[in-house]
Amino acid sequence: MKRLGKQKFKKSSRGLNTMDYRLKSMIKACIFDLDGVIVDTAVYHYQAWKRLANELGFDFTEHQNEQLKGVSRVRSLELILGWGNVTKTPAEQTELATRKNQWYVEMINRMEPSEILPGALEFLQTAKAAGLKTALGSASKNSSIILERVGLLPYFDAIVDGNHVTASKPDPEVFLKGAEALGMNPTECVVFEDAIAGVQAGKAGGMKVVGIGSPAVLTEADIVIPGLHEMTLEKLKELNSVKNR
Ligand code: BG6
Ligand code: MG
């Protein structure tokens, strides 16, 4: 028999010993949304979409940008064209989405580790030290560039993003594929999400969901915290006793 007592387990800076965690939790994996959870790229999406809208002759507000969180690039463009009362052919839409993405990629190519949201790196380190598997579950097709630029690629065991899915959140496909890539059952996974559609996707996939943001907005999440700086192994363990909705 393995003598667990002889093994060295790092004491979590947030209290719970990682050894305790392994013994007591059913949750074995964390699947993270990217934008709004790990980094804040909404500001770059906003600038690029605004530039496109302005070139087309109408404005694009921050309030409208909020409604695009978690929404795919193609669907975002459809919504923006609708707000501007502009009709474009499918070929023109492809060209516009490509143009927006070029501006966006120019900006994210300049991202730095200082742009990681508070507590994200620390919680990833805590999760890895506790033996949890980690995956990314993002709608973005640019997630690898972003993780590479901010230095977080080594913290993920699997990356599933907009390049690997056909259905957008609230469809659970991205999270189910993340669980599968980690070799986990959905019930062994916790999803971290800041968008309503993302929370719904996690719940539709049969996972526990930690909402990042406001409880008044993310009403379907199992728990809601303001950011990963508030996440601990204790809170993760408590999710075991939360009944699936
Ligand atoms: C999501 C963002 O993560 O990715 C959305 O919240 C964005 O705002 C979507 O539209 C797609 O991103 P990308 O990088 O593929 O254009
Ligand atoms: Mg998000």
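Q: In helix α9 (residues 196–204), which residues are buried?
A: This is a predicted model, so read every feature as part of a prediction. In α9, the buried residues are Gly-198, Val-199, Gln-200, Ala-201, Gly-202 and Lys-203.

Q: How do I read directions along a helix?
A: An α-helix has 3.6 residues a turn, so residues three or four places apart point the same way. Next, look for the neighbours. The buried residues of α9 pack against α8 (173–182), β4 (189–193) and β5 (208–212).

Q: What follows α9?
A: Gly-206 comes after α9, and its phi is positive, near 80°. Now try α8. Gly-183 follows that helix, with a positive phi near 70°.

Q: Which residues of α8 are buried, and what covers them?
A: Val-174, Phe-175, Leu-176, Gly-178, Ala-179 and Leu-182 are buried in α8. Their cover includes β1, β2 (133–137), β3, β4 and α9.

Q: Why is β4 described as largely enclosed by the rest of the structure?
A: Count its buried residues. The tally is 5 of 5, so β4 is largely enclosed by the rest of the structure.

Q: In which sense does β4 pair with β1 and with β5?
A: Parallel, in each case. Strand β1 (residues 29–32) pairs with β4 over 4 bridges in the parallel sense. One bridge joins Ile-31 to Val-191 in β4. On to β5. This strand and β4 are also parallel, with 4 bridges. Here Phe-192 has Val-210 in β5 as its bridge partner.

Q: What unit do β4, α9 and β5 make?
A: Together they form a β-α-β unit, and the unit is right-handed.

Q: How do I read a nonpolar core?
A: In soluble globular proteins, nonpolar side chains tend to be buried together. In this model, the largest nonpolar core has 60 residues. Ala-29, Ile-31 and Val-190 have the most contacts inside it.

Q: Which residues does Val-190 touch, not counting those up to four places away in sequence?
A: Under that rule, Val-190 touches Ile-27, Cys-30, Met-207, Lys-208, Val-210, Leu-236 and Leu-239.

Q: Where is Val-165, and is it buried or exposed?
A: Val-165 sits in the loop between β3 (158–160) and α8. A loop residue still needs a neighbour count. Val-165 is buried, because 21 other C-beta atoms lie within 10 Å, and the cut-off for buried is 20 or more.

Q: What does Val-165 touch?
A: Leave out residues up to four places away in sequence, and Val-165 touches Glu-173, Val-174 and Lys-177. Take Lys-177. It is 12 residues from Val-165 along the chain, and their C-alpha atoms are separated by 8.4 Å.

Q: How many residues surround ligand 1?
A: The shell has 17 residues, and the closest are Asp-35, Arg-73, Ser-140, Lys-141 and Asn-142. By class, the shell has 4 nonpolar, 9 polar and 4 charged residues.

Q: How many helices and strands does the protein have?
A: The protein has 10 helices and 6 strands. Of its 245 residues, 40% count as buried. Among contacts with a separation of 6 or more, 62% come from residues 24 or more positions apart.

Technical notes. Residues are numbered from 1 along each chain as its sequence is written. Chains are lettered from A and ligands numbered from 1 in the order in which they are written. A residue is buried if 20 or more other C-beta atoms lie within 10 Å of its own, exposed if 12 or fewer, and partly exposed in between; C-beta atoms are placed from the backbone. Helices (H or I, at least four residues) and strands (E, at least two) are DSSP runs, numbered from the N terminus. Two residues are in contact if their C-beta atoms, placed from the backbone, lie within 7 Å. A residue is near a molecule or strand if its C-beta atom, placed from the backbone, lies within 6 Å of it. Ala, Val, Leu, Ile, Met, Phe, Trp, Tyr, Cys and Pro count as nonpolar, Asp, Glu, Lys and Arg as charged, and the others, Gly among them, as polar. Two strands pair if DSSP finds at least two bridges between them. A crossover is right-handed if, with the strands pointing away from the viewer, the path from the first strand over the helix to the second runs clockwise. A nonpolar core is a set of buried Ala, Val, Leu, Ile, Met, Phe, Trp, Tyr and Cys residues joined through C-beta atoms within 7 Å.
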